[in-house]
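Please look over the sequence and the structure first.

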Amino acid sequence: MGIIGTIFIGLIVGLLARFLKPGDDSMGWIMTILLGIAGSLVATYGGQALGIYHAGQAAGFFGALVGAIILLVIYGFIKKN
């Protein structure tokens, strides 16, 4: 799929993760989309490092969604402090 496909999935996943993550987010939509892209990239390259995905294989939709939600939760904890 490559980097462009990973970023496109990240755009969609970032918006979906914002609706699925509990709590009130004070961040804007652009920041949410950027965190979704980062979550997709983390899921892709983290999965490759752990041997879940082969080299060059992107994370699936649900893997990217989990990565984005994890990053949104981490961002929320950092933002509180």
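Which residues of helix 3 are buried? The buried residues of helix 3 are A64, L65, G67, A68 and L72, where buried means under 20% relative accessible area, exposed over 50% and partly exposed in between (1.4 Å probe, protein chains only). This is a predicted model, in which local features need pLDDT of at least 70, side-chain atom pairs count only at pLDDT 80 or more, and totals for chains, interfaces and linings use all residues. Residues are numbered from 1 along each chain as its sequence is written, and side-chain values use heavy atoms, leaving out hydrogens and water.

**Confidence**
- The chain has an average pLDDT (the predictor's confidence in each residue, from 0 to 100) of 77, and 86% of the residues score at least 70.
- Helix 3 (residues 61–80) has the highest confidence, at 81, and helix 1 (residues 2–20) the lowest, at a mean of 76; helices (H or I, at least four residues) are DSSP runs, numbered from the N terminus.

**Helix 3**
- The end C-alpha atoms are 29 Å apart, which agrees with the 28 Å that the 20 residues of helix 3 should span at 1.5 Å a residue; the expected span is 1.5 Å times one less than the number of residues.
- The face turned away from the buried side of helix 3 carries the exposed residues F62, F77 and K80.

**Nonpolar core**
- I9, V13, A17, M27, L35, A64, L65, A68 and L72 form the largest nonpolar core, of 9 residues; such a core is a set of buried Ala, Val, Leu, Ile, Met, Phe, Trp, Tyr and Cys residues joined through side-chain atoms within 4.5 Å.
- Helix 3 gives the largest share of this core, 4 residues.

Key. Helices (H or I, at least four residues) and strands (E, at least two) are DSSP runs, numbered from the N terminus.
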